[in-house]
Amino acid sequence: MAALSTNTVKSGATDTATLEGVLLGAGNPLLDLSANVPTDFLTKYKVKANDAILAEADHLGVYKEMEDTFQVQYIAGGATQNSIRVAQWMLGVTGATSYFGCVGKDSYADQMMQKARDDGVNVQYMVNEEQPTGTCAVLITGNSRSLIANLAAANHFNVSHLDTPECSTIIEKARFYYMAGFFLTVSLESIMKIGAHAVENKKTVIMNLSAPFIVQFFWDQLNAALPFTDILFGNESEAEAFGEKMNWGKDIPTIAQNIAAMPKSSGFRCRTVVITQGMDPTIVVQNGIVKTFPVEPLPQELLKDTNGAGDAFVGGYLSELVKGSDLDKCVEA
């Protein structure tokens, strides 16, 4: 993919403003340990195919066992950071995106920072010297992936980081803010502060349901953040969890419409809800209207695994959103 030649991009017939610093992500930076594993390895660590969970005491042995038993690939990850890096790659304008999160003072953090900055992302990590950088076990079984995240330092992000001179400048300059639902488990206060700034300045907040457990166990935090949210992403299992919580049934378009109609702090635009369904059509509710977008099939022999697929979809969508593209082009990206 060729890099863009200037910091101004034409979208349709409209020139957008400079893209430098246009998109800010805040989330949980994690070093992914990814490996192909047998299905009984999932059973051993009590995780389902395509599930995403936070590590508890009986999960902590998974990281060393993976390194001792399987061929492990190390990847700079975390849901929000994944999406921001994809958006940065697709925009092709150095510094178009920024990212906040908390890491330890160790080699894992150095690797992540270098990789993200090499990609053109303006990374501003908060450093916790008492905690190691967070890790995520990515268990690949066939075309499925299961995630076990040990947040470690990522769990210690503090809203005070937003008040540093560097971060304050980034927040002021950005016009779009993206935070995966996983960040709700760490710093709701930071989400609320960014959301309030966005509402006051008529900017755009984008969030992601991220995993069924967010709906099931962090409902109060999700409800606090939703009023600030202009665009909400999720997949079918997350939408079904939302529908179950609200007694809306299991019909995805109905659930998406109902989420879109929930109260908003910013009354100048309707909430857009985007629900992906793997190979099945993507459901989008915009201005109360349900639209479906078929997914172009990928030949089975080209499919490696589904890790990061949802994050990549969001990154592509955001890369067109910040340029002012219409819905069809955002989904296509």
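Predicted model: local features only at pLDDT ≥ 70, side-chain atom pairs only at ≥ 80, totals over all residues.
**View 1. Aspartate 119 and arginine 85 meet in a salt bridge.** Side chains of opposite charge can pair when their charged atoms come close. In this pair the N to O distance is 2.8 Å. Aspartate 119 sits in the loop between helix H4 (107–118) and strand S8 (122–128), while arginine 85 belongs to helix H3 (residues 79–91), so the bridge ties together parts 34 residues apart in sequence. Aspartate 119 is partly exposed, at 28% relative accessibility. Arginine 85 is buried, because its relative accessible area of 15% falls under the 20% cut-off.

**View 2. Glutamate 129 pairs with lysine 105.** Their side chains form a salt bridge of 3.8 Å, N to O. Glutamate 129 lies in the loop between S8 and strand S9 (134–141), and lysine 105 in the loop between strand S7 (97–104) and H4, so parts that are 24 residues apart in sequence are tied together. Both glutamate 129 and lysine 105 are exposed.

**View 3. Glutamate 320 and lysine 323 form a salt bridge.** The closest N and O atoms are 3.3 Å apart. Glutamate 320 counts as buried, with 10% relative accessibility. Lysine 323 is buried too, at 11%.

**View 4. Asp230, Lys264 and Arg269 are joined into one network.** Salt bridges that share partners link these residues.

**Overall count.** The model holds 10 salt bridges. Among them are the pairs aspartate 119 with arginine 85, glutamate 129 with lysine 105, and glutamate 320 with lysine 323.

Notes:
Residues numbered from 1 in each chain as written. Heavy atoms only, no water. Salt bridge = Lys/Arg side-chain N within 4 Å of Asp/Glu carboxyl O. Helix = DSSP H or I, 4+ residues; strand = E, 2+ residues; numbered from the N terminus. Buried < 20%, exposed > 50% of the residue type's maximum accessible area, 1.4 Å probe, protein only.
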